[in-house]
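Please brief me on one helix and on the salt bridges of this chain. Keep it short.

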Amino acid sequence: MKKYLLIAFMACCSVHVFGQSITLNDLINISNLANDDAHSYLVNGKGFKNEYLQEVNGHTVEHLRKIAGNKTQETVIIGEGYKLSNGTSLRTVTYKSQTPQHLFNLITQAKSAGLKMNIQGADAANNIYLFDNSFYHIAVYVNRDNTFGSIEVKQKEFLGFD
């Protein structure tokens with residue numbers, strides 16, 4: 001009996017060590033946060049480290065990196081987006097991984113969350129999956145040789161009726 005408990009414990013530990021560090025819900029929630037809050041969430045909650053800052057079109061874009069247990073690199077880019085005429089900021093969060101399985105897991109999460117897949121196609125370099133709902137546009141790019149990929153979560157302008 002102890003042997004089976006030890007095997008189960010080791011299996012759970014190995015899943016944690018090689019598991020993906022971010023989910024689709026995390027990416028969507030980060031897109032709703034201000035840069036300082038998103039930075040705190042990723043650094044304190046998810047173990048990412050600041051790689052570098054960059055100034056793009058008047059926005060400070062932050063690149064955060066994490067080296068996973070299996071030595072693959074994951075990167076999250078926050079701070080991209082644009083400001084509407086009413087002062088509201090629409091943000092974009094980009095996640096990059098050297099493990100395509102992480103991106104396929106995010107695609108599965110998008111499907112199970114009820115996001116509508118508009119396009120599943122390919123170009124010369126990537127397999128492309130586009131998801132959409134009233135609030136977000138999500139684009140997933142997986143390199144055709146399955147060596148890396150990225151996902152972009154963009155907030156959409158939502159026009160509500162009072």
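Predicted model: local features only at pLDDT ≥ 70, side-chain atom pairs only at ≥ 80, totals over all residues.

Residues are numbered from 1 along each chain as its sequence is written, and side-chain values use heavy atoms, with hydrogens and water left out.

**Helix H4**
- Helices (H or I, at least four residues) and strands (E, at least two) are DSSP runs, numbered from the N terminus.
- H4 has 13 residues, 100–112, and its end C-alpha atoms are 19 Å apart.
- Pro-100, His-102, Leu-103, Leu-106, Ile-107 and Ala-110 are buried in H4. They cover an arc of only 155° around the axis, so they sit on the same side of H4. The arc is that of the directions from the helix axis to the C-beta atoms.
- Buried means under 20% relative accessible area, exposed over 50%, and partly exposed in between (1.4 Å probe, protein chains only).

**Salt bridges**
- A salt bridge is a side-chain nitrogen of Lys or Arg within 4 Å of a carboxyl oxygen of Asp or Glu. The count is 4.
- Lys-46 and Asp-26 form a salt bridge at 3.1 Å, N to O. Lys-46 is in helix H3 and Asp-26 in helix H2, 20 residues apart. Asp-26 is buried at 8%, while Lys-46 is partly exposed at 21%.
- Arg-65 and Glu-51 pair at 3.4 Å, N to O. Arg-65 lies in strand E2 and Glu-51 in strand E1, so the pair ties together parts 14 residues apart in sequence.
- Lys-154 and Glu-152 pair at 3.9 Å, N to O.

Conventions. Expected span 1.5 Å × (residues − 1).
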